[in-house]
Amino acid sequence: MRYSGENWPLLVLWLVAAMMVAGRATAQMPVAIATPGEATVVTLHAKGVQVYECKAGRDRKLAWAFREPIATLLLDGKTVGRHYAGPNWEHVDGSAVGGKVVANAPGRTPNDIPWLKLQATARRGQGTLSGVTTVQQINTQGGVHAGPCDKARTFYSAPYSADYVFLQKGG
């Protein structure tokens, strides 16, 4: 395609806009949880709760302690799995992955749980999640609970949502 002199300003403007959008997308992923050399298998949206338990700490004072997540995994608005204690993610095709946190970054607001990078520690089944090596928890909203707790062994469910990016080495 040939460009005349009068089209150059539009081309330059388009290229600058494209670079700004690409730069913004890259800048949104915190370096601490980046996954260079890994390819996305699937990204699933989660809606659920972060469950907290009121219990005595080492200082014997009652405080809220994180217990477990309970969430539905969605793809295009349809339920395709669940997320629960472990942490574990299970897909309707029978595949599942468990992980451990290896890095984190703060959520966007103080009310948002952190963004996480988790290394896969266990896999089962054949299907979507069977080759996953890393899971990212990103775009978190809500899920934080704080404040006084007055009675041991009481629970609080803090609503949250997040996106879980399931990745595989070597893509």
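Start by selecting strands E1 (38–56) and E2 (62–75): E1 and E2 pair in the antiparallel sense over twelve bridges. Two strands count as paired if DSSP finds at least two bridges between them. Helices (H or I, at least four residues) and strands (E, at least two) are DSSP runs, numbered from the N terminus.

Residues are numbered from 1 along each chain as its sequence is written, and side-chain values use heavy atoms, with hydrogens and water left out.

**The barrel**

Now show every strand. The eight strands close into a barrel in the order E1-E2-E3-E4-E5-E6-E7-E8, with antiparallel pairing. Neighbouring strands of this sheet are turned by 30 degrees against each other on average, direction ignored (axes are lines fitted to C-alpha atoms, for helices over the stretch in contact, and angles run from 0 to 180 degrees between N-to-C directions).

Next, go to E5 (residues 96–105), which runs antiparallel to E6 and is joined to E6 by nine bridges. Click Ala96 and its bridge partner in E6, Arg124. On to E7 (residues 134–142): four bridges join E6 to E7, again antiparallel. Here Lys117 has Gln136 in E7 as its bridge partner.

**Inside**

Which residues have the most contacts inside the largest nonpolar core? Select Trp89, Val97, Val135, Tyr164 and Phe166, in a core of 24 residues. Such a core is a set of buried Ala, Val, Leu, Ile, Met, Phe, Trp, Tyr and Cys residues joined through side-chain atoms within 4.5 Å. Buried means under 20% relative accessible area, exposed over 50%, partly exposed in between (1.4 Å probe, protein chains only). E1, E2, E6 (115–124) and E8 (155–169) each supply at least two residues of this core.

Zoom in on Phe166: not counting residues up to four places away in sequence, Phe166 touches a list of residues including Val42, Leu44, Trp89, Val97, Leu129 and Val135. Contact means heavy atoms within 4.5 Å.

**The sulfur link**

Select the cysteines next: the structure holds one disulfide, a pair of cysteine sulfur atoms within 2.5 Å. The partners are Cys54 and Cys149, with sulfur atoms 2.3 Å apart. Cys54 sits in strand E1 and Cys149 in the loop between E7 and E8, 95 residues apart. The link is right-handed, with 75 degrees about the S-S bond. Buried or exposed, Cys54? Cys54 is buried, at a relative accessible area of 0%, and Cys149 is buried too, at 8%.

Move to Val31, in the loop between helix H1 (8–27) and E1. Val31 is exposed, with a relative accessible area of 75%. Draw a C-alpha to C-alpha distance to Asn104: 9.6 Å in space, for 73 residues in sequence.

Finally, colour by pLDDT, the predictor's confidence in each residue, from 0 to 100. The chain mean is 87, and 84% of residues reach 70 or more. Over residues 7–27 the pLDDT is below 50, and this stretch has two contacts in the model beyond near neighbours in sequence. Where pLDDT is low, the predicted coordinates should not be read in detail.

Terms used:
This is a predicted model: local features need pLDDT of at least 70, side-chain atom pairs count only at pLDDT 80 or more; totals for chains, interfaces and linings use all residues.
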